[in-house]
Amino acid sequence: MNRPRNRLEIDILTLFPGMFSGPLTESLVGKARAKGILRVRLHDLRDYSLDRHGKVDDKKFGGGAGMVIQVEPVYRALKELKALPAPRSRRGRKPFVVYLSPQGAPLNQGILRSLLKKDRLVLLCGHYEGIDERAMNWVDQEISIGDYVLTGGELPAMVLVDALSRLVPGVVKEWESVTEDSFYEDRLDCSHFTRPKEFLDLKVPEVLLSGNHKEIAAWRRRDAMNNTIRKRPDLLLSGGPGKEKSS
Ligand SMILES: C[S@@+](CC[C@H](N)C(=O)[O-])C[C@H]1O[C@@H](n2cnc3c(N)ncnc32)[C@H](O)[C@@H]1O
């Protein structure tokens with residue numbers, strides 16, 4: 001993977017902007033925002049409601065349990081963010097719109113790689129039964145964080161922001177620790193150890209204490225391969241996360 005872009009711009013459309021305060025201010029993501037490497041703006045979907053009480057959901061046509069987020073507030077929000085497809089004459093930097101959805105493509109390193117190439121991202125978080133299907137006309141990609149259903153798209157959006165951020169140079173202090181992580185290449189990471197050297201008869205592999213960098217590097221490569229074969233052999237068969245091995 002080439003070294004990716006060095007700035008990330010993300011707009012998030014949500015009914016619950018307050019949910020993001022911890023994940024966006026703490027730890028590496030918080031630092032990346034403070035350094036200006038990552039710019040995240042939160043937009044409350046209720047601000048785009050046509051209803052004076054800020055209501056954005058309604059009952060389903062056809063009946064049945066649960067509410068649905070209406071199409072108008074989503075359209076108005078995307079319009080304000082210049083995220084609607086522009087007529088031919090006004091083609092510009094339209095942001096790439098992602099709808100976090102359990103029905104989307106399962107998130108993996110391949111998808112992260114392709115998202116890092118976009119100039120700007122808009123993340124759309126659903127809630128209730130989801131969003132009126134007509135809003136999918138302006139969605140470029142649906143992304144899922146796994147085959148289970150959460151109450152809203154906020155946690156998946158946070159997962160996406162976090163996973164994308166650490167692939168931007170400058171967010172994680174040492175770039176090498178990103179490239180050695182699981183999934184950066186088509187394999188898992190090696191095992192890691194720290195002090196003490198011995199705990200309850202459990203010893204750290206001798207080679208890691210040897211100071212011989214060449215041997216340590218060789219051990220780590222072997223251990224990473226063993227981890228991959230043991231825990232995720234599919235990575236070796238498919239050619240890596242998000243890739244299909246060509247025959
Ligand atoms: C209760 S879910 C709606 C599920 C929808 N009725 C379905 O079964 O496909 C509400 C919202 O949570 C978000 N969501 C739930 N699970 C998700 C997942 N696994 N990945 C990404 N987003 C998810 C989506 O934004 C969705 O609109």
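**A friendly note on the sheet, the ligand shell and a helix crossing**

1. The model has an open sheet of five strands, ordered β2-β1-β6-β5-β7 and paired in parallel. Strands here are DSSP runs of E of at least two residues, helices are runs of H or I of at least four, and both are numbered from the N terminus; two strands pair if DSSP finds at least two bridges between them. β2 (38-44) and β7 (141-144) stand at the edges with a single partner strand each, so one side of each has no neighbour in the sheet. From one strand to the next, the twist averages 35°.

2. Before you go further, please note that this is a predicted model, in which local features need pLDDT of at least 70 and side-chain atom pairs count only at pLDDT 80 or more, while totals for chains, interfaces and linings use all residues. Residue numbers start from 1 along each chain as its sequence is written.

3. At one end of the strand order, β1 (residues 8-14) pairs with β2 in the parallel sense over seven bridges. If you want a place to start looking, L8 stands opposite L38 in β2.

4. Now for the ligand. It is surrounded by 20 residues, and the closest are P102, G126, G130, G153 and P156; a residue counts as near if its C-beta atom, placed from the backbone, lies within 6 Å. Strand β5 (residues 96-106) gives the largest share of this shell, four residues. By class, the shell has nine nonpolar, 10 polar and one charged residues. In this scheme Ala, Val, Leu, Ile, Met, Phe, Trp, Tyr, Cys and Pro are nonpolar, Asp, Glu, Lys and Arg are charged, and the others, Gly among them, are polar.

5. Helices α2 (residues 27-35) and α5 (residues 154-165) have axes that come within 10 Å and cross at roughly 70°. Axes are lines fitted to C-alpha atoms, for helices over the stretch in contact, with angles from 0 to 180 degrees between N-to-C directions. The two helices are therefore roughly perpendicular, a label for angles of 65 to 115 degrees. The contact is made by L28, V29 and A32 of α2 with V161, D162 and S165 of α5, contact meaning C-beta atoms, placed from the backbone, within 7 Å. These residues divide into four nonpolar, one polar and one charged.

6. Two backbone details deserve a look. S27, found in helix α2, has a positive phi near 55° although this residue is not glycine. The peptide bond from R195 to P196 is cis, with omega near 5°, and P196 lies in the loop between α6 (175-179) and β8 (198-199).

Key: Angles under 35 degrees count as roughly parallel, over 145 as roughly antiparallel, 65 to 115 as roughly perpendicular and the rest as oblique. Two residues are in contact if their C-beta atoms, placed from the backbone, lie within 7 Å.
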